[in-house]
Amino acid sequence: MAPKLPDSVEGLRAAGNQSFRNGQYAEASALYGRALQLLQARGCADPEEESVLYSNRAACHLKDGNCTDCIKDCTSMKPLLRRAAAYEALEKYPQAYVDYKTVLQIDNSVMSALEGINRMTRALMDSLGPEWRLKLPSVPVVPVSAQKRWNSLPSENHNETAKSKSKETATTKSRVPSAGDVERAKVLKEEGNELVKKGNHKKAIEKYSESLLFSNLESATYSNRALCHLVLKQYKEAVKDCSEALKLDGKNVKAFYRRAQAYKSLKDYKSSLADISSLLQIEPRNGPAQKLRQEVNQSLK
């Protein structure tokens with residue numbers, strides 16, 4: 001006779017934890033699933049419990065090699081957003097920041113999470129000072145496969161993502177940054193620069209992106225992020241950032257050079273040579289630009 005299952009969410013979760021420790025991942029997954037059903041049947045929101053159950057069940061799927069269902073559970077953003085909002089209301093800003101950040105790993109165009117990160121960053125800098133990041137709990141790492149899948153979703157979700165990104169850009173460009181925003185943007189940019197020196201270009205992109213949420217008026221932030229995109233072979237993104245940098249400063253030599261590099265990698269040699277020519281008009285003796293011109297001309301032969 002099969003043992004009777006617990007009749008509470010807490011009991012089912014505990015039983016699932018025990019099965020997981022015993023290596024019985026399918027059984028643990030089923031228990032977490034029952035707990036989620038019971039939680040939802042109650043009709044009362046408990047985002048923290050819901051998030052834990054989804055996370056635990058995702059771990060089971062991953063252990064069993066069931067990547068598809070693991071991704072589905074990892075991309076359950078609603079509980080995280082609810083919990084983040086609750087933490088924010090309780091002024092538990094570090095925990096709220098972690099949840100908003102986790103959501104942005106899944107889909108970096110979710111406006112409520114972007115706005116939440118912006119608010120939390122301000123609150124944490126004000127309350128904990130410039131070293132606030134060192135005092136945060138660790139941010140859970142969302143599997144890269146989950147991020148890629150989310151970004152490649154077709155039709156309706158893809159259109160919503162595009163709309164959100166347009167809205168984000170419009171919001172940032174229409175807002176005049178305060179002196180405090182400019183200072184915070186500067187701090188975040190410097191943190192990005194330090195990460196570049198350490199070779200951590202992915203994290204540096206995150207810092208530069210956060211900096212631009214506070215103020216998008218500094219050309220160097222865009223050209224620095226472009227460098228990271230180049231290193232990661234994200235050439236189209238590098239071109240976009242360099243173009244934004246040059247809108248702000250038409251004599252940004254690094255932006256011309258990096259865009260020329262990106263165009264070369266994209267085999268758009270004509271555009272690459274045009275940028276090199278513009279750069280050499282500003283700095284006629286720029287050695288790297290002269291060398292790059294030789295390489296592009298060689299590619300044209």
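1. Let's start with Tyr97, which counts as buried at 2% relative accessibility. Buried means under 20% relative accessible area, exposed means over 50%, and partly exposed lies in between, using a 1.4 Å probe and protein chains only. Please keep in mind that this is a predicted model, where local features need pLDDT of at least 70 and side-chain atom pairs count only at pLDDT 80 or more, while totals for chains, interfaces and linings use all residues. Residues are numbered from 1 along each chain as its sequence is written, and side-chain values use heavy atoms, with hydrogens and water left out.

2. Which ring pairs with Tyr97? The partner is Trp132: the ring centres are 5.3 Å apart and the planes stand at 80°, so the pair is edge-to-face. For such a pair, rings of Phe, Tyr and Trp (its six-membered ring) have centres within 6.5 Å; planes under 30 degrees apart count as stacked, over 60 as edge-to-face and the rest as tilted. The pair links distant parts of the chain, with Tyr97 in helix H6 and Trp132 in the loop between H7 and helix H8 (144–151), 35 residues apart. Helices are DSSP runs of H or I with at least four residues, numbered from the N terminus. Trp132 is buried too, with a relative accessible area of 1%.

3. The structure holds two aromatic pairs. Phe20 and Tyr25 form an edge-to-face pair, 5.1 Å centre to centre with 65° between the planes. Phe20 is partly exposed, its relative accessible area being 25%.

4. Of its 19 residues, Tyr97, Tyr100, Ala113, Met120, Leu124 and Trp132 touch the most other members. Helices H5 (77–89), H6 (93–106) and H7 (111–128) each give two or more residues to this core, and H7 brings the largest share, seven residues. Apart from this core lies another, of 17 residues, among them Ala226, Ala245, Leu246 and Leu280.

5. Finally, take a look at Leu292 in helix H16 (residues 287–300). Is Leu292 buried or exposed? At 5% relative accessibility, Leu292 counts as buried. Leaving aside residues up to four places away in sequence, Leu292 touches Tyr257, Ala260, Gln261, Lys264 and Ile276, where contact means heavy atoms within 4.5 Å. The C-alpha atoms of Leu292 and Lys264 are separated by 9.0 Å, and the two residues are 28 residues apart along the chain.

Key:
A nonpolar core is a set of buried Ala, Val, Leu, Ile, Met, Phe, Trp, Tyr and Cys residues joined through side-chain atoms within 4.5 Å.
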